[in-house]
Amino acid sequence: MLKTLDIGLEDYKNLFENIKEGVYFSTVEGNVISCNKSFLEITGYKDSDNLFAGDLYVDNKDRLSFQNKILNDGYVKGFEVKLKTKLGEEIFCELSSNPLYDSDGVLLGYTGIMRDLSRRKSDELLIQEQKRKRLIDITHIQEREKKRIARELRSEEHTSELQSPCNLVCRLL
């Protein structure tokens, strides 16, 4: 039995406000004209008044790359970027966005979703550091083992030299 779901404007507003990813609308110039509370929580701002997207980028080249990708491909999906919060803390985010055009085809701005990847990136960096430390440990163990084997070989060579009959006779003379 199928039930129809009557979705209205209030339902979309509820989705916009309660989804756990940041949702935003910005002008081409970068003024954030509307965003949800998750966007504000991720970026550390209290509201979108005077919020400029360019202030969020650690490297402005990333913003230009983002804009070029939208213009060339018509959208951006999974664009990983390092942003900064209002307090200057660097965070890793993933952006997916579409351009907004007026009826004449003039680009007005962008709408998109921002996902905070900071925890995942932090975990990845921790794992990489652990792997790097293990590799260093393994390298040290290998070096110690090589030295031990070399010592044993030198000791065996020395012992075999002493035990050869010719060496014994030569020593007696």
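Colleague: In what order do the elements of the protein run from the N terminus on?

Modeller: Residues are numbered from 1 along each chain as its sequence is written. This is a predicted model in which local features need pLDDT of at least 70 and side-chain atom pairs count only at pLDDT 80 or more, while totals for chains, interfaces and linings use all residues, and side-chain values use heavy atoms, with hydrogens and water left out. Helices (H or I, at least four residues) and strands (E, at least two) are DSSP runs, numbered from the N terminus. Here the elements run α-β-β-α-α-β-β-β-α-α, giving five helices and five strands.

Colleague: In what order do the strands form the sheet?

Modeller: Two strands pair if DSSP finds at least two bridges between them. The five strands form an open sheet, ordered β2-β1-β5-β4-β3, with antiparallel pairing. Its edge strands, β2 (32-35) and β3 (76-84), each pair on one side only. From one strand to the next the twist averages 30°.

Colleague: Which helix packs on the sheet, and which strands does that helix touch?

Modeller: Contact means heavy atoms within 4.5 Å. Axes are lines fitted to C-alpha atoms, for helices over the stretch in contact, and angles run from 0 to 180 degrees between N-to-C directions. Helix α3 (residues 60-73) packs on the sheet and touches β1, β3, β4 (90-101) and β5; the directions of α3 and β3 make about 165°.

Colleague: Over how many bridges do β4 and β5 pair?

Modeller: They pair over nine bridges in the antiparallel sense, and Ser96 stands opposite Ile113 in β5. These two strands form a hairpin with five residues between them, and Gly105 in the turn has a positive phi of about 85°. β3 and β4 pair over seven bridges, also in the antiparallel sense, with Val81 opposite Cys93 in β4. Their hairpin has five residues between the strands, and Gly88 there takes a positive phi near 90°.

Colleague: Is Thr43 buried or exposed?

Modeller: Buried means under 20% relative accessible area, exposed over 50%, and partly exposed in between (1.4 Å probe, protein chains only). Thr43 has a relative accessible area of 1% and is therefore buried. The residue belongs to helix α2 (residues 37-43). Leaving aside neighbours within four places in sequence, Thr43 is in contact with Leu56, Thr85, Lys86 and Met114. Of the 173 residues of the protein, 26% count as buried.

Colleague: How many salt bridges does the count come to?

Modeller: Side chains of opposite charge can pair when their charged atoms come close. A salt bridge is a side-chain nitrogen of Lys or Arg within 4 Å of a carboxyl oxygen of Asp or Glu. The count by this rule is six. One of them joins Arg115 and Glu94 at 2.8 Å, N to O. This pair links distant parts of the chain, with Arg115 in strand β5 and Glu94 in strand β4, 21 residues apart. Arg115 is partly exposed at 36% relative accessible area, whereas Glu94 is buried at 16%.

Colleague: What separates Lys146 and Glu143 in helix α4?

Modeller: Their side chains meet in a salt bridge (3.7 Å, N to O). Lys146 and Glu143 are separated by about one helical turn because they are three residues apart in helix α4 (residues 118-163). Lys146 counts as exposed at 53% relative accessibility, and Glu143 as partly exposed at 37%. Elsewhere, salt bridges that share partners join Glu21, Glu94 and Arg115 into one network.
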